[in-house]
Amino acid sequence: PELTPRAAALGRVFVPYVTGERQPGRPDQSGRHGFYIRGPDFLALRGVGGFDLAKIWHMLIIPDAATAKLSADGLPELSWVLSLQPTHAPLLRRMRAAARHFLRINRSYFLARYPPVLAGRPISHWLDEDNLQCGFHSVPSVGYLHMHALVGPITEFGAQDKYLARWVPLEAVLECLDAGRTPHSFFAACGSVPTQPVALAPSPAPQSPPLAATCASAAAPKQLSPCAAGSAAEPLANAATCLPRAAEAVAASSQSRPLQA
């Protein structure tokens, strides 16, 4: 995969937000404005209305200016998933922990706002923290690293092939980084991007083999953690126990914005 010149140039879109020049969103048109999470080294915002990938909630979590390492021309060094290094694994875990905390404190808001059943599953299923889908697009449209946090079944917009085929789950990225490899070397060894569409269909999807088995030729220099196992169809059942305590602690230190019913 390659970051297109257009996407690289669009990396400047988030710069005014992370530098504090202005707040994201246009409340006069969509009611979406400001940051929904303020973490120690990241921020979370919502995208433009009509472009959501999930029906209940779709949030973009981005590194702050210092973490993204802005260049003199305003472009971030941390521009997409292939920019990640093993040292970024704690950052990604902090992002996920904060997204789960946001979902937890706003559970009652979502319960009051959405029907009891969505896409054939009870609303409680979609609001389960373990079913929060986090991931990246291997070919993003904006060249500033942003992790998608999706709650609920995917929208018609999100179901387009160009989004599903490019989806890379956070677990796949962490498996790679935890093994001491960069996503770039991992994808190159596999021969293609190990895309795993977000499994939000009403019927259970078939189990997918762990990435270590899918890309056996790209064996890690050290044994992968059991937490790396799992599938795109079902989030890791033991995700909470696999989450480092440091990542859980950052959820409490992050400022999540309660939604108004």
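**Figure 1. Secondary structure and overall make-up of the predicted chain.** In this predicted model, the chain contains 12 helices and nine strands. Of its 261 residues, 49% are buried. The accessible surface of the chain amounts to about 12200 Å², and carbon and sulfur atoms account for 55% of this area. Where contacts link residues at least 6 apart in sequence, 71% of them join residues at least 24 apart.

**Figure 2. The largest nonpolar core and its contribution from helix α4.** This core comprises 53 residues, and the members that touch the most others are I56, W57, L92 and F110. Helix α4, spanning residues 89-105, gives the most to the core, contributing eight residues.

**Figure 3. Surroundings of L92.** L92 belongs to the largest nonpolar core and is one of the members touching the most others. When residues up to four places away in sequence are left out, L92 touches L84, F136, L170, V173, L174 and L177. Another core lies apart from the largest one; it consists of five residues, including L53, L150, Y163 and W167.

**Figure 4. Two buried cysteines, C134 and C176.** C134 has a relative accessible area of 5% and is therefore buried, the limit being under 20%. C176 also counts as buried, because its relative accessibility is 2%. Across the whole structure, a search finds zero disulfides.

Methods
Residues numbered from 1 in each chain as written. Predicted model: local features only at pLDDT ≥ 70, side-chain atom pairs only at ≥ 80, totals over all residues. Heavy atoms only, no water. Core = buried A, V, L, I, M, F, W, Y, C linked by side-chain atoms within 4.5 Å. Buried < 20%, exposed > 50% of the residue type's maximum accessible area, 1.4 Å probe, protein only. Helix = DSSP H or I, 4+ residues; strand = E, 2+ residues; numbered from the N terminus. Contact = heavy atoms within 4.5 Å. Areas by Shrake-Rupley, 256 points an atom, 1.4 Å probe, with all protein chains shown as cover. Disulfide = S-S within 2.5 Å.
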